Number of protein chains: 2
Amino acid sequence: MMRFMAKKAITPGPRDERGVLAARIVAGARDEFAQHGWAGTTIRAVARAADVDPALVYHYFGSKEGLLDAATNPPQKWLEHVAKVWTTPVDQLGAALVTLMLASWADEEIGPTLRAILQTAAHEPSTREKLRRVVEGSLMGVAQLGSDDRDRLIRSGLVSSQLMGFALMRYVWKIEPIASMTDDEAIAAIAPNLQHYVDGDLTR
Amino acid sequence: MMRFMAKKAITPGPRDERGVLAARIVAGARDEFAQHGWAGTTIRAVARAADVDPALVYHYFGSKEGLLDAATNPPQKWLEHVAKVWTTPVDQLGAALVTLMLASWADEEIGPTLRAILQTAAHEPSTREKLRRVVEGSLMGVAQLGSDDRDRLIRSGLVSSQLMGFALMRYVWKIEPIASMTDDEAIAAIAPNLQHYVDGDLTR
């Protein structure tokens with residue numbers, strides 16, 4: 001997706017239609033992978049969702065792997081939101097991180113991308129690698145945490161484990177009453193725990 | 001599985017071979033579903049893993065759905081472990097729950113079952129329902145938590161979200177350094193957070 005956008009930027013004009021169609025295919029692929037996982041998603045179903053010919057999907061993305069790669073690229077605006085959250089003073093990071101998670105899943109582009117990553121991460125080594133990069137490069141990219149590299153990665157890994165477990169129960173598995181509790185309830189309940197991972201004593 | 005064990009108990013003798021074969025098929029199915037999810041698992045692959053004819057799998061379990069149902073039934077010993085943990089004094093439940101989770105995933109029968117449930121929960125309504133029952137009936141089955149039913153279910157749901165998110169990162173996605181931190185490190189880091197969900201103030 002980002003690679004394609006770059007291409008589009010340097011070849012305007014007749015390629016604009018290609019940009020529109022590719023974006024539609026990526027959006028359809030996100031939804032299909034998010035709902036059915038890797039093995040349950042077919043190029044044909046993605047083409048149907050995007051209202052294009054399956055041949056065009058192959059032409060643009062080469063393979064199902066290429067399509068998954070495009071569909072699970074974190075949107076640029078999400079990376080910007082994440083980078084901004086990490087400028088929050090350390091003693092307020094717990095609340096800021098829960099708030100970011102709730103806003104991300106509510107976003108109509110970011111939500112399906114995160115869901116597609118979580119749904120395919122378990123099966124596909126390439127998507128697990130992408131999940132690892134998303135976790136390490138965004139959630140775990142905080143120099144100010146911890147006493148050394150390992151401590152920093154454990155702290156941000158624990159933060160990720162809570163945020164992803166909650167997101168799975170609330171948005172993917174829809175287990176009640178987690179699915180219907182209000183955002184304010186979620187922030188009040190979870191923020192202190194994330195704060196413990198951010199700057200608490202993890203050894204006692 | 002439990003249904004079958006019950007049948008076996010009342011019809012001993014010539015059916016013993018059936019019990020052995022069915023258990024081998026269930027074990028194979030657990031591993032296949034755990035590794036490949038619902039859509040990626042075939043009866044043929046399960047039969048191969050169990051070293052039986054595919055027709056026997058159909059004969060014993062009727063369909064892929066029936067096989068998934070058998071493969072994701074929580075083992076009896078797991079239910080017993082869970083019930084025992086809930087007799088822990090409330091102020092020590094945080095540590096007891098993390099310890100139970102680590103022991104469960106290390107168990108050669110319980111671990112693959114939990115993994116199979118998590119891997120198929122997102123796609124299959126019947127397995128999501130089973131996940132809900134596992135969560136509500138075991139992790140969330142604690143009368144002594146919370147001020148009312150909703151509060152109790154929110155507290156145990158938050159406990160589940162942390163335990164499942166950590167288990168996914170550590171055992172399914174194998175994200176470092178979460179995957180290789182020691183059990184003692186995990187207990188020290190996570191127990192206080194579970195304790196907060198068990199009996200802390202979730203409204204501030």
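Domain bounds are taken from an automatic or database domain assignment.

**Figure 1. The two domains of chain A in a predicted model.** Chain A is split into domain 1 (15–71) and domain 2 (76–199). The C-alpha centres of domain 1 of chain A and domain 2 of chain A are 26 Å apart. Their contact (heavy atoms within 4.5 Å) takes 10 residues from domain 1 of chain A and 10 residues from domain 2 of chain A. Residues are numbered from 1 along each chain as its sequence is written, and chains are lettered from A and ligands numbered from 1 in the order in which they are written. In this predicted model local features need pLDDT of at least 70, side-chain atom pairs count only at pLDDT 80 or more, and totals for chains, interfaces and linings use all residues, while side-chain values use heavy atoms, with hydrogens and water left out.

**Figure 2. The area buried between domain 1 and domain 2 of chain A.** Buried area is the accessible area (1.4 Å probe) that two parts lose on being put together, summed over both. For these two domains of chain A the value is about 900 Å², with 57% of it on carbon and sulfur atoms. Arg30(A), Ala34(A) and Trp38(A) supply 53% of the area that domain 1 of chain A buries against domain 2 of chain A, more than any other three residues.

**Figure 3. The salt bridge between Arg30(A) and Glu109(A).** A salt bridge is a side-chain nitrogen of Lys or Arg within 4 Å of a carboxyl oxygen of Asp or Glu. The rule finds 1 across the interface of domain 1 of chain A and domain 2 of chain A. In the pair Arg30(A) and Glu109(A), the N to O distance is 3.6 Å.

**Figure 4. The interface of chain A and chain B.** Each chain brings 48 residues to the contact. Chain A and chain B bury about 4,000 Å² between them, 61% of it on carbon and sulfur atoms.

**Figure 5. Salt bridges and helices where chain A touches chain B.** Across this interface the rule finds 2 salt bridges. One of them joins Arg150(B) to Glu185(A), with the closest N and O atoms 2.9 Å apart. Among the helices (DSSP runs of H or I, at least four residues, numbered from the N terminus) that each supply at least two residues of the side of chain A that touches chain B are helix H10 (149–172) and helix H11 (183–199) of chain A. H10(A) gives the largest share of that side, 14 residues.
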